[in-house]
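Please keep the sequence and the structure in view while reading.

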Amino acid sequence: MNEFSVVCRILGSLFYRSSQDPVLDPLFALVADGKLKQHWPLEQDDLLDRMGQGLDRKVLEADYQAMFAAEGSVSPYASDYEDGAEEAATRAFLTQCGMPLTEAPADHFGLLLLAASWIEDNALEFDEVQAQLALFDDYLLPWCGRFLGKVEAHATTGFYRTLSMVTREALQAMRDELAEVSSDEGNE
């Protein structure tokens, strides 16, 4: 698993899973102890420090539910931000990439980040860089700014406001990296 995959998996998990999910226990321990920085490939130490301040998972859970639950203040689904964006198209794209999906909506912000990690780690019969570029350009970047802005505006915890900032910067860095790799492959 490379750095691109790690960043996508961490950010995707934090948006896709409730803060009370035991799967996140090791990740929250790293954040709380200030040790995520040691594994984080981007220069975001100040933001990562801010994320770890005053972590109370019960308070985070209330914030998560208030924003992302069925009647929450922030929809995590692309189809709620983009005219013409259809969950079925996202599902078809991810299925074409070979990603196994459940019945849950495939256009969830966190799931799309997890999909980028999955494509990076599991691409066998297709060009993973082109698939990731398509994922970013067609299914994630067109609406992520509005989504992350709503998270910043509606979050009651510094953790989720800061997570939004970390994610915004990370997405831009990862998209730039994809463009660079794609350009390098085109020059070979």
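Axes are lines fitted to C-alpha atoms, for helices over the stretch in contact, and angles run from 0 to 180 degrees between N-to-C directions. Helices are DSSP runs (H or I, at least four residues), numbered from the N terminus. This is a predicted model, in which local features need pLDDT of at least 70 and side-chain atom pairs count only at pLDDT 80 or more, while totals for chains, interfaces and linings use all residues. Residues are numbered from 1 along each chain as its sequence is written, and side-chain values use heavy atoms, with hydrogens and water left out.

**H5 and H7**
- The axes of H5 and H7 cross at roughly 170 degrees and come within 11 Å, so these two helices are roughly antiparallel (an angle over 145 degrees).
- In this contact (heavy atoms within 4.5 Å), Ala89, Thr90, Phe93 and Leu94 of H5 meet Ala131, Ala134, Leu135 and Tyr139 of H7.

**H6 and H7**
- Helix H6 (residues 109–122) packs against helix H7 (residues 128–154) at an angle of about 160 degrees, and their axes lie 10 Å apart.
- H6 and H7 are therefore also roughly antiparallel to each other.

- Beyond its neighbours within four places in sequence, Tyr160 contacts residues including Leu14, Leu60, Tyr64 and Val151.

Notes:
Parallel < 35°, antiparallel > 145°, perpendicular 65-115°, else oblique.
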